[in-house]
Structure formats: structure tokens, C-alpha cells
Amino acid sequence: MILWLLNCLSTFSLGVVLVGGFIALAIGGSLAMRRRFPRLADGEHNEMVGVALGMFGAIYGIILAFVIVTLWTQRENTQSIVAGEATDLALVVRSAEAFPPAARARVDQAVGEYVHAVVEIQWPLMREGRPSYEATAEQTHGLYTALQAYEPVGTRSEVFYAEAAGRLNDAAAQRRARVTMAETSLPPLLQTLVYGGALVILPLTFLFGLRSLRMQLVFVAAVAGLIGFSLLLVVALDRPFAGDLSVSPAPYKEAALAQFWPQAKE
């Protein structure tokens, strides 16, 4: 459900749905409660409701803060993994410049096929929540085959060959980490606490009575709006490869890897 929302709606549209929906629910629920129990306007239970709201609000706020910080850190880590993999591949290309023309051409072709497979095949799968190692397995094997086909001769070639081999191993490790991050999402228990907590706190605001109907509606709408914005952050950050705030594949098209994307340079 969250993946569908992120891939089908922009962040703005998702915000309108979540924030607007919570505000509408809060106003409608408050009006219905006030009509059903007119004496709530007298504020007889405000002290008890205030204590409950304060207690639940504090607990819920801590949970929300923990979840948002965790998801943001996860996104930053994913971005670092992507940038690290692209950098390692670029350094493989740079190191291969010291190889003979035929060996260098094989390495360049293998790297080009790999980055195209990552961006054009694997990335859409990760966006849809279906990450697959097999999507780039053939291209990964091709990278190792191209490098292993060259036998370095001389100290200079050996140094650059060792650098290329080390960077290729690092890129393979980053690839595994990237696919693993694409499989992660908020654990069910935290999802229950985050979304269930909102459905507990919001109805509590209906019980807080104010003589002025307008002021009461402003109060419940403000609380609902804050909850809606918080949940928008949680939803937008939950999947690092989906939505407007997703991690971009741009690093695979930059620096030394730009040569494999002629259209990107036009």
C-alpha cells in the first residue's frame, strides 16, 4: 500500500491526502461528538482529557521522533552506499586506463553494461519493492571476467590492476548492501505504534471541550495537521528507492561513468 502511494502520488499529493484527510476526520469527528454529547462544551472532563493527551502525546512524540530519525539515517546510508558503488566503478574505469587498449575496452564495456543494468533494470525493481540480485548477476560476472582476462605485465600494470580488482570487490559489496537496503522497511511493530498511535490520540481531542466551537475546531485541526505531517514524513522516508524523496541513480551517470551515457551529455 505504501509503495503504491509513493509510486503513484507526488509528495505534495500525498501530503494533501494525509494531512487533509486527518484534518477532515478531526473536524468531522469533533462535530459529531459535540452534537452527540452537547455537555462536552462545558469542559467538565478537560482536566482528565488533558492529562491523557499529555501522556499519550509525549510517548507518541518520542516514538515518532525515533522512527523519523531512523528512517532519515537509513536513507542517508543508502545514498552513501549508492555513491560508494558508483565511485568504485569509476575508479575501476580510471585504473583500467593503464591497461593495453584491448583490455581497457573489455573493462569499459563490462562497466557500461553493468551501470545500464543497474539503472534500467534493477532500479525499477527496487522502486517497486522487488529487488533482485539476479537483475545484475550476469553483468557482475562480466565485470570479473573482463578484469581476470588481463594479465598485468610490469610493476605499473600490476599496481593499477590491484587497484582495479580491489575497487571491483568493493563495488560488489556495495551492490549487495544496496539491494539489502531496498528490501528494508519499517518493522510491523513500529508501523502499528506509529499509525495506531495516531488513531488513539486523534479521538482523544474530540473529548476536549471548549465553549467556542470555532476554537475547538481550530484545536483539533491543528493536532490532526501535526499528526498528518509527521505521518507524511514516515511514509515518504519508509522506502529509500520509492517516491519523490527516493535515492537517485544519478551517481551511475556522473564523472568517469558519464561516458557510458552519451545522451546524458547532450
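**Cavity and helix packing**

Q: How do the residues lining the largest cavity divide by class?
A: Six are nonpolar, one is polar and one is charged. Ala, Val, Leu, Ile, Met, Phe, Trp, Tyr, Cys and Pro count as nonpolar, Asp, Glu, Lys and Arg as charged, and the others, Gly among them, as polar.

Q: What should I know before going on?
A: The model is predicted: local features need pLDDT of at least 70, side-chain atom pairs count only at pLDDT 80 or more, and totals for chains, interfaces and linings use all residues. Numbering starts from 1 along each chain as its sequence is written, and side-chain values use heavy atoms, leaving out hydrogens and water.

Q: OK. Which residues line that largest cavity?
A: Leu-3, Met-126, Gly-129, Ala-182, Arg-239, Pro-240, Phe-241 and Ala-242. A cavity is a set of points on a 1 Å grid over the protein atoms alone where a 1.4 Å probe fits but cannot get out, and lining residues have an atom within 4 Å of a point.

Q: What volume does it have?
A: The largest cavity has about 40 Å³. Volume is the space filled by probe spheres set on the grid points, which are joined across faces, edges and corners. One cavity of 30 Å³ or more is counted.

Q: Switching to helices. At what angle do α4 and α6 cross?
A: Roughly 15 degrees, and the axes of α4 (residues 101–127) and α6 (residues 155–183) come within 11 Å. Helices are DSSP runs (H or I, at least four residues), numbered from the N terminus. Axes are lines fitted to C-alpha atoms over the stretch in contact, with angles from 0 to 180 degrees between N-to-C directions.

Q: Roughly parallel or oblique?
A: α4 and α6 are therefore roughly parallel. Angles under 35 degrees count as roughly parallel, over 145 as roughly antiparallel, 65 to 115 as roughly perpendicular, and the rest as oblique.

Q: Which residues meet there?
A: Tyr-114, Val-118, Gln-122, Trp-123 and Met-126 of α4 meet Arg-175, Arg-178, Val-179 and Ala-182 of α6. Contact means heavy atoms within 4.5 Å. By class, that contact has six nonpolar, one polar and two charged residues.

Q: And α2 with α7, how do they cross?
A: At roughly 40 degrees, with the axes of α2 and α7 (residues 188–206) within 8 Å. They are therefore oblique. Phe-22, Leu-25, Ala-26, Gly-29, Ser-30 and Met-33 of α2 contact Ala-198, Leu-202 and Phe-206 of α7. Seven of the contact residues are nonpolar, two are polar and none is charged.

Notes:
On a 1 Å grid over the protein atoms alone, a cavity is a set of points where a 1.4 Å probe fits but cannot get out, and a pocket is an open set with protein on both sides within 12 Å along at least five of seven lines; lining residues have an atom within 4 Å of a point. Helices (H or I, at least four residues) and strands (E, at least two) are DSSP runs, numbered from the N terminus.
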